[in-house]
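Reader: Hello! I am new to this structure, so please pick out one part, look at it closely, and then show me how the rest is arranged.

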Amino acid sequence: MPHVRAKHRQTATLREWQQKLRAIYPNKHMSPDYIMTHIYTKCSIIGKEIIRDRRALKLNDAIIGYFAWIMSMCSHFEIEIDEAFVGRFPEMCPYCLFQTCQCDSYGAEYHDAVTKRPPAEQERMEQLEQAYTVLIRSEISLPWFVRTISKIYPSNRTLLKRTGHTYVVAKFLEEGGELHRAYSGFMQKRGHKDAIATEVADLSAWVASCWDLDSEGFDIDGQMALRFRDGCPICKSKPCECPRYAITPGEEELILQIEEGLRALREAKVGDPIEIDKALAETSEARSRGQHVPGESWFRRASDIVIKLQKVSGTAVEVIKTARNIQLALEMLHTMIGS
Ligand SMILES: [Zn+2]
Ligand SMILES: [Zn+2]
């Protein structure tokens, strides 16, 4: 009989993790704001643990949780997390383009000069593009990300010693805010999806630094595997069946609110009664088919009813309020289903 070796688990790639987590947490029904509350909660626990208690196990748990939620955010916007990470940190600092960041020695103006690079910089820009192409074809994993960030920014260690860990918490606030601004801009069609990917990478880089400096040498991929071995670590199901955490209304609640509003309009004898009945019929039809969100035509019909109503002069204040609430619920729902 051949010698049986202990089964060696292979490090999963970031792409594999994103797929696995998508199966555990199919988050299509969650708004990005809802996902963001989870990301922020994880950052606050990381901050608390590194400032006060410094218990590696709790800290590690929060960091793993953070990466799971940030992958959810990426999945929501159909961003590949490995592309986001490599695009921002192709084993070089995105500002000074050195493999070990030199930003400090060049001063802040250097950041501003990024767009007007001298010819020597052009060469490094090309290197950067090459590095990206090589890396994106290779196996990008979480340990790779932690290693890369610590190689580019060895100064983080000194920085943390000099300024204390409160600095990291301040960075979480700053980067978290930037991520929120990036996806809000994208949803309101003012910004590009690439900005979300950049902010995902920037916030994650700080979390990766925390792992590097405080995790007491645990293997991040091994800890992920342990945590998600049986699906969701809380309810042990796949997909997760945990109750929702925040108060952001879900799709079903929003549809109920819209239906309630439409019924109120019909009772008040305002708006087109035929159109209102059609819209209400569409929601119950969708429900009977097991889909709780009706189709695009329902969205158009419901908002038409409201818009026409708002144009009629002398409409009672109560009716205007109801119409406004319907409109808000419609907008939220639209954002949530990611159309
Ligand atoms: Zn730099
Ligand atoms: Zn669960």
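Predicted model: local features only at pLDDT ≥ 70, side-chain atom pairs only at ≥ 80, totals over all residues.

Author: Helices (H or I, at least four residues) and strands (E, at least two) are DSSP runs, numbered from the N terminus. Residues are numbered from 1 along each chain as its sequence is written, while chains are lettered from A and ligands numbered from 1 in the order in which they are written.

Glutamate 259 counts as partly exposed because it has 17 C-beta neighbours inside 10 Å; with C-beta atoms placed from the backbone, 20 or more others within 10 Å make a residue buried, 12 or fewer make it exposed, and partly exposed is in between. Beyond its neighbours within four places in sequence, glutamate 259 is in contact (C-beta atoms, placed from the backbone, within 7 Å) with Leu280 and Thr283. Alanine 279 is 20 residues away in sequence, and its C-alpha lies 8.5 Å from that of glutamate 259.

H13 (251-267) also meets helix H15: the buried residues of H15 pack against H13, helix H14 (273-288) and helix H16 (317-336). Those buried residues are Trp298, Phe299, Ala302, Ile305 and Val306. Viewed down the axis of H15, they fall within an arc of 135° (taken from the directions from the helix axis to the C-beta atoms), so they line one face of the helix. The face turned away from them carries the exposed residues Glu296, Ser297, Arg300, Ile307 and Lys311. H15 has 16 residues, 296-311, and reaches 23 Å between its first and last C-alpha, close to the expected 22 Å; the expected span is 1.5 Å times one less than the number of residues.

Now for the wider picture. The protein chain has 16 helices and zero strands, and buried residues make up 31% of its 339 residues. Valine 200 touches Ile70, Met73, Cys74, Ile79, Ala84 and Leu179, leaving out residues up to four places away in sequence.

H3 is mostly covered, with 16 of its 21 residues buried. Its end C-alpha atoms are 30 Å apart, which agrees with the 30 Å that its residues should span. Histidine 76 belongs to H3, residues 56-76, and is buried, with 20 other C-beta atoms within 10 Å. Proline 26 is 50 residues from histidine 76 along the chain, yet their C-alpha atoms are separated by 9.0 Å. After H3 comes glutamate 78, whose phi is positive, near 50°.

How far can you trust the picture? The mean pLDDT (the predictor's confidence in each residue, from 0 to 100) is 83 for the protein chain, and 86% of its residues reach 70 or more. Over residues 1-6, pLDDT stays under 50, and the model has zero contacts there beyond four places in sequence.

Note on methods: Contact = placed C-beta atoms within 7 Å.
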